[in-house]
Amino acid sequence: MGGENLIFIFEILKKLFFIFIIISAFICQSQNPYTRAKYYFSKNDIESALASLDSCSSVKELADSALYFKAYLAIKNNHLEDAQNYCHELHKRNKDYHEVWFLKGLISSLKQRHALAAEQFTKILNYEPHHLKALYNRSLSKAMLEDVEGAISDLNQCIKLDSNYINAYYSRAYWLETLENHESAINDYQKTIALDKNFNEAYLGLAYAFNKKGDKQKACETLQQAIDKGVTVAHDLKENFCK
């Protein structure tokens with residue numbers, strides 16, 4: 001559950017990177033490095049993007065941001081020791097660059113050090129209580145530590161901050177199901193599908209929740225919806241279950 005959701009984490013980092021490019025273009029003497037950086041980043045060539053920022057390396061705030069994105073790049077490429085070194089260097093350079101705790105939390109999560117990850121996500125949340133991605137990932141860390149109620153509490157806060165946060169609904173449904181709260185799980189799976197009709201995993205979760213609630217007809221109907229969406233495993237499940 002924790003690994004697959006890291007895909008969504010990088011979306012906010014991408015947005016931060018473009019904000020960084022826009023702001024820093026007004027600080028540096030030339031906009032050309034940032035035009036190139038934006039181009040390379042759009043091509044997922046982050047190393048070239050960072051290399052194009054060298055002309056602004058003398059500006060402390062920009063150098064810190066470049067180091068932050070080197071750490072991000074290392075995480076994305078699963079070079080966790082490099083990422084950890086970049087984070088350490090950034091923290092040494094700038095104790096007030098609180099966003100580094102978010103990256104440290106990601107690194108710890110990938111290393112299966114969930115207690116440490118939860119602590120690190122909490123540190124960024126102490127500075128930025130509305131940091132959705134930190135809340136979401138802390139919920140995953142808590143769940144891995146078998147603190148399911150704590151995980152759900154964080155997901156409740158995510159949804160309070162963003163009522164259309166699809167992954168929070170899906171994750172909450174999953175953990176509610178482990179607590180055998182089938183009705184609430186069904187509601188969250190249905191909300192997930194309402195927000196994204198192509199969220200295939202939610203159909204399987206919904207079918208399972210209907211089955212656990214004892215509603216075989218709705219479970220089979222949901223499996224058929226999954227089949228219509230091209231979910232291969234749903235066909236086998238329906239063949240075996242809906243006879």
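## A first look at the chain

Of the 243 residues in the protein chain, 46% count as buried, where buried means under 20% relative accessible area, exposed over 50% and partly exposed in between (1.4 Å probe, protein chains only). Please keep in mind that this is a predicted model, in which local features need pLDDT of at least 70, side-chain atom pairs count only at pLDDT 80 or more, and totals for chains, interfaces and linings use all residues. Residues are numbered from 1 along each chain as its sequence is written, and side-chain values use heavy atoms, with hydrogens and water left out.

The protein chain has 14 helices and zero strands; both are DSSP runs numbered from the N terminus, with helices being H or I of at least four residues and strands E of at least two. Contact means heavy atoms within 4.5 Å. Among contacts between residues at least 6 apart in sequence, 47% join residues at least 24 apart.

## The disulfide

Now to the cysteines. The structure holds one disulfide, a term for a pair of cysteine sulfur atoms within 2.5 Å. Its partners are Cys220 and Cys242, with an S to S distance of 2.0 Å. The pair links distant parts of the chain, 22 residues apart: Cys220 sits in helix α13 (residues 216–228), and Cys242 in the segment after α14 (232–241). The link of Cys220 and Cys242 is left-handed, with -105° about the S-S bond.

How accessible are these cysteines? Cys220 is buried because its relative accessible area is 13%, while Cys242, at 21%, counts as partly exposed. Two further cysteines can be looked up as well: Cys87 is buried at 1%, and Cys158 is buried at 0%.

## How α13 meets α14

Helices α13 and α14 pack at an angle of about 150°, with their axes 8 Å apart. Here axes are lines fitted to C-alpha atoms, for helices over the stretch in contact, and angles run from 0 to 180 degrees between N-to-C directions. The two helices are therefore roughly antiparallel, the word for angles over 145 degrees; under 35 is roughly parallel, 65 to 115 roughly perpendicular and the rest oblique.

On the α13 side, the contact includes Cys220, along with Leu223 and Ile227; on the α14 side, Leu237 and Phe241 are among the residues taking part. By class, this contact has eight nonpolar, two polar and two charged residues. Ala, Val, Leu, Ile, Met, Phe, Trp, Tyr, Cys and Pro count as nonpolar, Asp, Glu, Lys and Arg as charged, and the others, Gly among them, as polar.
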